[in-house]
Amino acid sequence: MSALTLDQGQTPFMWRLYGVKGWTAIGIGGLIAFVVFPVLNLLVPPTSALHISAFWVTLIGKIMCYAIVALALDLVWGYAGILSLGHGLFFALGGYAMGMYLMRQIGREGQYQSDLPDFMVFLDWKELPWHWSMSDQFWWAAVLVVLVPGVLAFIFGYFAFRSRVKGVYFSIITQALTFAAMLLFFRNNTGFGGNNGFTDFKRILGFSITAPETRMALFVITALTLIGTFLAARWIVTSKFGRVLEAIRDAEARVMFCGYNTMHYKLAIFTFSAVLCGIAGALYVPQVGIINPSEMSPANSIEMAIWVAVGGRGTLAGAILGAGLVNGAKSFFTVAFPEYWLFALGAIFICVTLFMPRGVMGLLKR
Amino acid sequence: MLLQGKGAAALAALFISASAFALDRSALEKLASDDNDEKIAAIAALVAEGDPKAADVLKSAAEGEIEVDGKKVEIVVNNRVRARIAEALSVLKLLSPDNAERHAAATALTGGADPAMLPLVLKARDAEQDPAVKKLLELATAAMQLRSEDKETRLAAIRALAGSDNKALLVEAASDADEDIKRAAQSTLREMDDRLVWGEWLGLAFAGVSLGSILLLAALGLAITYGLMGVINMAHGELIMIGAYTTYVVQGWFRGSALFDFYLVAAIPAAFVVSAGVGMLLERSVIRWLYGRPLETLLATWGISLVLIQAVRTIFGAQNVQVENPAFMSGGIQVMANVVLPWNRIFIILFAAGVLVAMWALLSKTRLGLYIRGVTQNRSMAACVGVPTARVDTWAFGLGSGIAGLAGCALSQVGNVGPDLGQGYIVDSFLVVVFGGVGQLAGTVYAALVLGFANKLLESWSGAVLAKIAVLVFIIFFIQRRPQGLFALKGRAVEA
């Protein structure tokens with residue numbers, strides 16, 4: 001290990017990110033996602049005890065999307081000290097961008113057998129509104145997934161960071177932003193399906209969305225994205241840029257007095273984080289099969305913060321762990337004791353902030 | 001009473017003859033067709049016969065299923081067809097013997113309806129005995145005749161509508177292809193505008209003050225806990241909700257007694273005490289350990305709010321509960337032809353003013369108020385001169401929570417009471433406090449009134465949801481331009 005802690009310039013790039021243990025863990029994670037899950041889900045017959053059902057593939061795929069969000073939020077909150085309560089909005093925007101494409105892929109197989117998505121027929125609309133043009137092209141959907149959250153975060157962050165809105169103020173106005181967006185998307189006339197949102201998807205890129213192979217492909221792509229995000233985030237936080245972010249978190253005024261323009265750093269990480277959320281949302285929608293405005297409710301965004309807090313903010317593995325633990329618990333509770341889930345979630349919020357400020361990773365390190 | 005009874009009997013007699021026929025089968029088949037225009041024609045045909053059975057058919061059609069020859073047929077209903085069905089059901093309700101039901105149905109129809117249903121509405125109008133309902137029905141027939149083919153009928157309809165305050169229909173007619181109709185509608189509109197403009201402004205101002213006073217009540221408690229103490233209390237909305245549920249419980253005790261009209265006298269202090277108690281408990285057990293760590297406080301209090309919501313859901317059920325207004329609060333004062341000021345709104349405005357005065361007196365005239373101000377301005381100096389700061393924190397938090405309880409008591413008089421009640425107010429009340437300037441009570445008052453007015457003013461142009469969005473976006477930009485709020489504390493405390 002001593003060779004690995006040498007001066008950065010001489011260390012190979014790969015070892016700068018993680019040591020032997022870290023790469024082994026990533027390797028095992030990759031092995032499970034790329035080999036074990038596909039084999040046990042697709043090749044092992046359902047009668048076998050080793051078979052992994054579609055339920056589990058969807059659940060783990062969903063949690064991996066959440067883990068990407070947790071990583072994104074950890075970058076801004078854990079490393080730069082900016083608690084955004086608007087990440088649910090970026091997630092949902094990515095999901096809606098993908099959802100528009102999926103709605104167009106339904107074609108004439110909807111309930112009304114029309115070229116238009118069902119909800120537009122329902123509203124007696126005769127043609128697609130302007131913001132739906134090109135939505136039948138996958139590349140355009142992919143561009144929107146990145147661009148819409150990215151541009152919104154850039155503009156919003158530019159104004160907020162320029163006037164040095166920080167701390168709780170920033171949290172409150174991001175919360176107001178996602179609340180306003182939720183109200184907007186609940187309107188039927190906005191053109192995104194009102195409170196029903198988008199659902200009943202049939203195909204993605206011509207493949208049936210319910211086929212086990214498509215499901216598995218989405219799962220593997222999500223796992224790839226998660227590992228990619230993880231490594232990219234690690235690269236960011238170990239770079240000089242990441243050091244400046246941590247310094248901003250700990251004493252922003254001093255960093256400014258040292259001659260850094262902190263706005264650029266905060267804006268860059270906030271925008272990057274929003275884009276990651278958008279991508280996670282785009283992966284989430286085809287797997288779960290529905291997107292509606294309740295994804296933008298302020299409650300969802302705060303829940304994302306607790307994933308990071310449970311895992312331990314300021315640690316990347318912690319973010320993934322936290323997203324897994326909280327959502328695993330949620331899946332368990334909502335099936336076994338649905339009426340007690342909010343009690344449990346509330347208790348997690350209170351106990352983590354009171355007794356485990358460093359989260360699970362803090363406990364493990366001790 | 002006797003007269004009305006006769007009227008109802010006459011109505012019933014009128015339609016017993018019709019119900020002797022079975023439902024028109026071809027109309028049913030048309031209703032099941034794929035074409036929306038056919039469906040709408042079928043709805044009109046069903047109603048024209050005035051058969052009471054038609055109501056059942058239409059109701060089930062609205063749910064997407066009808067019965068033809070004993071077989072269930074699924075039909076597709078879009079929003080246009082659904083609107084026609086709703087109109088048709090209103091028309092059928094005009095035949096109801098119940099006065100209130102007829103009144104409601106007639107009111108629903110004054111916005112206009114499919115002209116094909118006109119004959120039945122005319123029949124109902126002629127048979128109507130209640131003067132108020134009759135007047136409404138005259139407006140409804142005029143609204144329907146406005147869309148008829150005959151020019152003379154339409155001109156007459158425009159004249160008839162001049163007496164109403166329903167502008168939407170005339171605005172439509174004012175851009176008609178026919179010159180005469182256009183001119184008639186425009187001149188009627190102008191007359192109507194002149195007559196109504198003062199009332200509209202007055203109504204708008206009242207609605208603005210009313211919304212402002214609700215926002216103020218919701219935000220006043222937060223102005224203490226967040227504004228003065230700096231605690232980000234995301235459970236504030238739930239303390240409001242607890243106040244509303246306390247009112248519900250107290251109202252339950254008084255139910256059936258002769259003193260029911262005065263239950264608020266007991267409910268107001270009860271709501272204050274219960275919410276304050278919960279707040280003080282929270283301060284002692286959780287919030288105390290998080291002073292100086294605002295983001296952690298935010299998360300922990302959010303957790304508390306989830307627990308409180310679920311607790312209320314477990315105890316009272318997930319449905320909304322019914323809180324009845326005392327009799328003296330229902331109804332309102334008719335100030336002008338088109339302005340009615342409801343008593344419960346007036347009560348809330350007065351109540352908000354009262355709470356504000358009481359809070360001001362408490363903070364500026366009592367020893368506790370002095371302590372609270374001392375601790376928030378300079379904690380260590382206050383401790384040095386012997387102020388028990390920890391206890392003052394608890395009392396101050398209890399005071400803020402208690403005011404939230406009062407807000408809940410007031411809100412229970414104008415809106416639904418359910419476990420999610422508080423969630424709707426938390427974003428608003430934080431924005432009011434931040435907009436007014438943290439630590440500034442006067443700022444909170446101005447901010448609440450300004451936002452109330454702005455919201456109502458925009459609402460009259462763009463509808464409720466867009467107005468709300470516009471106000472939120474405005475505040476977001478405002479805070480970015482001026483993070484210290486409308487009224488900034490003067491001094492050197494730049495970094496909080």
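Predicted model: local features only at pLDDT ≥ 70, side-chain atom pairs only at ≥ 80, totals over all residues.

Student: What does the secondary structure of chain A come to?
Tutor: Chain A has 15 helices and 4 strands.

Student: How do I judge the overall form of chain A from its radius of gyration?
Tutor: You set the value beside what a compact globule with that number of residues would have. For 366 residues that is near 21 Å, and chain A has 21 Å, so the two agree. Along the principal axes, its C-alpha atoms fill a box of roughly 65 × 55 × 45 Å. Buried residues account for 45% of chain A.

Student: Which residues make up the contact of chain A with chain B?
Tutor: Start by counting each side: 41 residues come from chain A and 38 from chain B. On the chain B side, H5, H14, H19 and H21 each supply at least two residues. The largest share, 14 residues, belongs to H14(B). By class, that side has 27 nonpolar, 6 polar and 5 charged residues.

Student: And how are H16(B) and H18(B) set relative to each other?
Tutor: Look at the angle between the axes. Here it is about 110 degrees, with the axes 10 Å apart. Angles of 65 to 115 degrees count as roughly perpendicular, and therefore H16(B) and H18(B) are described that way.

Student: Which residues meet there?
Tutor: From H16(B), Leu368(B), Tyr371(B), Ile372(B) and Val375(B) meet residues of H18(B) including Val392(B) and Trp395(B). The contact has 7 nonpolar, 1 polar and 1 charged residues.

Terms used:
Residues numbered from 1 in each chain as written. Chains lettered and ligands numbered in written order. Contact = placed C-beta atoms within 7 Å. Nonpolar A, V, L, I, M, F, W, Y, C, P; charged D, E, K, R; others polar. Rg over C-alpha atoms; globule rule 2.2 N^0.38 Å. Buried ≥ 20, exposed ≤ 12 C-beta atoms within 10 Å, placed from the backbone. Axes fitted to C-alpha atoms, helices over the stretch in contact; angles between N-to-C directions. Parallel < 35°, antiparallel > 145°, perpendicular 65-115°, else oblique.
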